[in-house]
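Here is a short briefing on a few local features of one protein model, arranged by topic for a reader who is new to structures. Please keep the sequence and the 3D view at hand while reading.

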Amino acid sequence: MQAGPCLCHFSGSALAPSAAWSPADLSGGGSSPASGGPVDRALLEDLAAASRILAYQGVVDAFGHVSMRHPNAPNRFFMSRGLAPALVGADDIQEFDLNCVTCDGDTRPSFLERFIHGEIYRARSDVMSVVHSHSPSVIPFGLVETPMRAMFHNAAFLAAGVPVFDIGEKFGATDMLVGNREKGEALVKELADKPVVLMRAHGSVAVGPDLQSAVFRAVYTEVNARIQHQASAYGGPIAALSAEEGGLADVINMKAGQRAWDLWLKTVGR
Ligand SMILES: [Zn+2]
């Protein structure tokens, strides 16, 4: 899959891709994968804080998760063990290969839907962080034919289009969960090069070129959904952002977005 242009990037991120990767780098590990190597504990603390931020912002509740790719090993990623997001600390972070097997013999229970993350990292070399949530205002847009559109400048990334993944199209009646690689691959196919994909009768996924931008997109996807519900209530056409306006506004957002991360980090503590 061809990765799309990077429309969203917080400057100065420690998680930006540092080198070009070949497809072989993204092929995944074996049955007993080794760690991709040690990382600065501050990165794991940021990932744990991101989990708590998403809970504080109402994007996740007892369920949902955020991950980040290993900054030095593109076929590894980090995510919390199976735990309510508000309770996550740095010591709860696990490392996985792209087959979603824990590294270094970590036997703590993991999230069932970790395959969302593994398959996105395998397919999208531009993605360094993934958020999966069931945020309530977003879910209706996965149920109806009305597409989600960018209602305001902070959600400019949505102007590129918001696809919907219907797990039933390929797999028939299921438990709705993306619990294996095959379902993860199908989700990624629908996501394509977009920053957000909705999941019918389930939730959504937001991706970004760093942890901060993935969190920003998850938060503002939920806010945008609320605004679209309100705008729809007035009836008539909605003057949403055009794709061109979205591209222009997103450049500004990514310069200013660090302010949101700083505020949210202060709110939940590191
Ligand atoms: Zn889910």
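Predicted model: local features only at pLDDT ≥ 70, side-chain atom pairs only at ≥ 80, totals over all residues.

**Helix α4 and its surroundings**
- In helix α4, which spans residues 181-191, the buried residues are Lys183, Gly184, Leu187, Val188 and Leu191.
- Ala192 follows α4, and its phi is positive, near 50 degrees.

**Helix α1 against helix α6**
- The axes of α1 (residues 41-56) and α6 (residues 243-268) come within 9 Å and cross at roughly 90 degrees, which means that α1 is roughly perpendicular to α6.
- On the α1 side the contact is made by Ala49, Arg52, Ile53 and Tyr56, which meet Trp264, Leu265, Thr267 and Val268 of α6.
- Of the residues in this contact of α1 with α6, six are nonpolar, one is polar and one is charged.

**Leu44 in helix α1**
- Leu44, which is found in α1, counts as partly exposed because it has 19 C-beta neighbours inside 10 Å, whereas a buried residue needs 20 or more.
- Apart from neighbours within four places in sequence, Leu44 is in contact with Val39, Phe78, Ala90 and Ile93.
- Leu44 and Ala90 are 46 residues apart in sequence, while their C-alpha atoms are 5.3 Å apart in space.

Notes. Residues numbered from 1 in each chain as written. Buried ≥ 20, exposed ≤ 12 C-beta atoms within 10 Å, placed from the backbone. Helix = DSSP H or I, 4+ residues; strand = E, 2+ residues; numbered from the N terminus. Axes fitted to C-alpha atoms, helices over the stretch in contact; angles between N-to-C directions. Parallel < 35°, antiparallel > 145°, perpendicular 65-115°, else oblique. Contact = placed C-beta atoms within 7 Å. Nonpolar A, V, L, I, M, F, W, Y, C, P; charged D, E, K, R; others polar.
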